[in-house]
Amino acid sequence: MSRRHAATTGCALAVTALTLVAALAAAEPQTAVPHAAPPTQQPPPPGVLEALQRDLGLTREQALARLRNEARLTLVEAELRGLLGDRFGGSWFMGTISQTLVVATTSAADIPRITAAGARPRIVTRSLPQLTLIKQKLENVLATHPHGGGVRYVDVKINKVVVLSATPTETRKIVKTVDVDMTAVTVVFSKERPWPADDVRNRPPYSVSATTYCSSGSVATPEAQNGSTVAEHCGNPGTGSGGAARGGPAVSPDTEP
């Protein structure tokens, strides 16, 4: 599934926010939303700020502010998700520096609680658990059908399940046979058809010394060479013996056929 679709499933929060709660610079200027806790942690990993500036057109100060806002508001989102329970309809960031957290709910009674936590409430018709169930029902029927579409995902912003299909008319006919609320489903024309680069499985172990073993992770393709990602402590590229992979700090050559 493409990155822009995967981000909408359940909660459209930036992935970096989840891993950078404990990695924000204390010495940089604060540009976060009101009620932000002062950052006291270490700088973000190398390359993160540069990537945000390059891909989103941000200044360094804006990139830092975005990371701070996402880190703080991710904690707010987690608390509200637990409090709202089955009424929770998803969440997402708004604004250039993610200064606004939007939290959806199926009950207007939750508005004061969401507002008090520093988020913006959004009333929706269907909760995230309901949308997830609809998606699962569609998956059970569409996944094996030739006109079932290549991608199916929950879009919390529009409060619907989206089906991408190269033959939307035929796909809509199939969707009508499934026991789901048709108003909760939208079929969009698209030729996207994700495919796995390799089998999803635990990669074989390999030795890095006479007494130490490591295992390779997900597949990778550095330039034209097949490889596997491994832990940094597992060795340098090209080292190790046996198994399918060679040890390395990031990407290792893969000798598996």
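**Figure 1. The largest nonpolar core of this predicted model has 30 residues.** Leu 101, Val 103, Ile 134, Leu 138 and Val 185 have the most contacts inside this core. At least two residues each come from α4, β1, β2, α6, β5, α7 and β6. Helix α6 (128-142) gives the largest share, with five residues. Apart from this core lies another one of seven residues, including Val 48, Ala 63, Leu 64 and Leu 67.

**Figure 2. Here we visit Val 185 and the residues it touches.** Leaving aside residues up to four places away in sequence, Val 185 touches Ile 134, Leu 138, Val 161, Val 163, Val 175 and Val 180.

**Figure 3. Asn 69 sits in helix α4, which spans residues 60-84.** Is Asn 69 buried or exposed? Its relative accessible area is 0%, so Asn 69 counts as buried. The side chain of Asn 69 reaches the backbone oxygen of Ile 97 at 2.8 Å.

Figure 4. Side chains of opposite charge can pair when their charged atoms come close.

**Figure 5. Arg 81 and Glu 77 form a salt bridge.** Their closest N and O atoms are 3.1 Å apart. Arg 81 is partly exposed at 32% relative accessibility, while Glu 77 is buried at 5%.

**Figure 6. Lys 135, Glu 139 and Arg 152 are linked in a network of salt bridges.** The structure holds eight salt bridges.

Note on methods. Residues numbered from 1 in each chain as written. Predicted model: local features only at pLDDT ≥ 70, side-chain atom pairs only at ≥ 80, totals over all residues. Heavy atoms only, no water. Helix = DSSP H or I, 4+ residues; strand = E, 2+ residues; numbered from the N terminus. Buried < 20%, exposed > 50% of the residue type's maximum accessible area, 1.4 Å probe, protein only. Polar contact = N/O pair within 3.5 Å; in protein donor to acceptor, adjacent residues only side chain to side chain. Core = buried A, V, L, I, M, F, W, Y, C linked by side-chain atoms within 4.5 Å. Contact = heavy atoms within 4.5 Å. Salt bridge = Lys/Arg side-chain N within 4 Å of Asp/Glu carboxyl O.
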